[in-house]
Amino acid sequence: MAPSGIGEISPGDDLARIVGDALDREGGLREGDVVVVTSKVVSKAEGRVVAATDREQAITDETVRVVATRPSPGGVLRIVENRLGLVMAAAGVDASNTPEGTVLLLPVDPDASARALRAALAERFGVRVGVVVSDTAGRAWREGLTDLAIGVAGVVALDDLRGGVDSHGRELSVTVTAVADQIAAASELVRGKAAGRPVAVVRGLGRFVTDDDGPGARVLVRDSGTDMFREGSAEAYARGVTDGRGAAGSAGAAAVDPGEAEHVAREAGYADGYRDGFAEGFREGTGNPQQG
């Protein structure tokens, strides 16, 4: 269910009341419902609309780490890690459906936003509910965009099935289901992108709705220790070239095995690309095309 009639949200609006009124017109909420609210309306209500004639500067301001940049028909595409730890295009900065000369930033704390909405809706309707704040993002290795959860309250974000068994009795050792992301993606099918329905109710998943708020969406962000792709492949190669030139400059014509360079393994996902770049940079630095 995706209620209509929510309308344009402005800074300072009581989003919980507006969402609650829209849900009331559709019969209200039931025990175990999950309410999905787009980050766009949360950001607008929280005043995250900022003046920015230069969207690129706003992206820079929200960026804590650049993963990859590539030329695109619309300019330079930047995949970055933003202040929330999310890796996405343009740091989540949105220039659509905002007044001219402004951009929309993601909520400061989407988990806190989800908790506040959950408390207000639970009090209004007298039932146990969950809330997911969703945002649209691309995915590595896949075409197209989908919604994912950036804020969660009262919902099992990750369902850890490890230690259980499959239908053939084999133990599950790696299966952890991203329930909150699945809920966010499913909600988009009824909300649509341009239908003016920023809220959806997902029903029938009460088994994933918890009594407490839970740890939030932060558990969905992969930590650096297990992230094999913390930089793009071209960036890994370029870093290798730069380091190889530096090694050649400090070592003179002495042979250096780039495979033994201490920092080759720093980004394991692209170690081969880094190593190739290091070898190329070292050859350039020594002036010996056969070296490496």
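Biologist: Helices are DSSP runs of H or I with at least four residues and strands are DSSP runs of E with at least two, both numbered from the N terminus. With that settled, which strand does Val37 lie in?

Modeller: Val37 lies in strand β1. One thing to keep in mind: this is a predicted model, where local features need pLDDT of at least 70 and side-chain atom pairs count only at pLDDT 80 or more, while totals for chains, interfaces and linings use all residues. Residues are numbered from 1 along each chain as its sequence is written, and side-chain values use heavy atoms, with hydrogens and water left out.

Biologist: Got it. Is Val37 buried or exposed?

Modeller: Val37 counts as buried because its relative accessibility is 1%. Buried means under 20% relative accessible area, exposed means over 50%, and partly exposed is in between, using a 1.4 Å probe and protein chains only.

Biologist: And what does Val37 touch?

Modeller: Leaving out residues up to four places away in sequence, Val37 touches Leu15, Val42, Leu117, Val132, Val133, Ser134, Pro198 and Val199. A contact here means heavy atoms within 4.5 Å.

Biologist: Let's talk about the core. How many residues does the largest nonpolar core have?

Modeller: The largest nonpolar core has 32 residues, and Leu15, Leu23, Leu29, Val35, Val37 and Leu121 have the most contacts inside it. Two or more residues each come from α1 (15-25), β1 (34-38), α2 (39-45), α4 (110-125), β7, β8 and β11 (199-202). Helix α1 gives the most to this core, with six residues. A nonpolar core is a set of buried Ala, Val, Leu, Ile, Met, Phe, Trp, Tyr and Cys residues joined through side-chain atoms within 4.5 Å.

Biologist: Which residues of α1 are buried, then?

Modeller: In α1, those are Leu15, Ala16, Ile18, Val19, Gly20, Ala22 and Leu23. Their cover includes β1, α2, α4 and β11. Just after α1, Gly27 takes a positive phi of about 100°.

Biologist: What does Val35 touch?

Modeller: Not counting residues up to four places away in sequence, Val35 touches Leu23, Leu29, Leu121, Gly130, Val131, Val132, Val199, Ala200 and Val201.

Biologist: Switching to α2, where I've been eyeing Ser43. Is Ser43 buried or exposed?

Modeller: Ser43 has its place in helix α2, and it counts as buried because its relative accessibility is 1%. Setting aside neighbours within four places in sequence, Ser43 is in contact with Arg48, Val49, Leu104, Leu105, Leu106 and Pro107.

Biologist: Now pockets. Which residues line the second largest pocket?

Modeller: Its lining is Gly138, Arg139, Ala140, Trp141, Arg142, Glu143, Gly144 and Leu145. A pocket is an open set of points on a 1 Å grid over the protein atoms alone, where a 1.4 Å probe fits, with protein on both sides within 12 Å along at least five of seven lines; lining residues have an atom within 4 Å of a point.

Biologist: Which element gives the largest share of that lining?

Modeller: That is β8, with four residues. Both β7 (130-139) and β8 (142-153) supply at least two residues of the lining.

Biologist: What is the volume of the second largest pocket?

Modeller: About 150 Å³. Grid points are joined across faces, edges and corners, and the volume is the space filled by probe spheres set on the points.

Biologist: Where is Ala90, by the way?

Modeller: Ala90 is in the loop between β5 (87-89) and β6 (102-104). Its phi is positive too, about 60°, although it is not a glycine. Ala90 is buried, with a relative accessible area of 10%.

Biologist: Last one: how many helices and strands are in the chain?

Modeller: The chain has seven helices and eleven strands. Of its 292 residues, 42% are buried.
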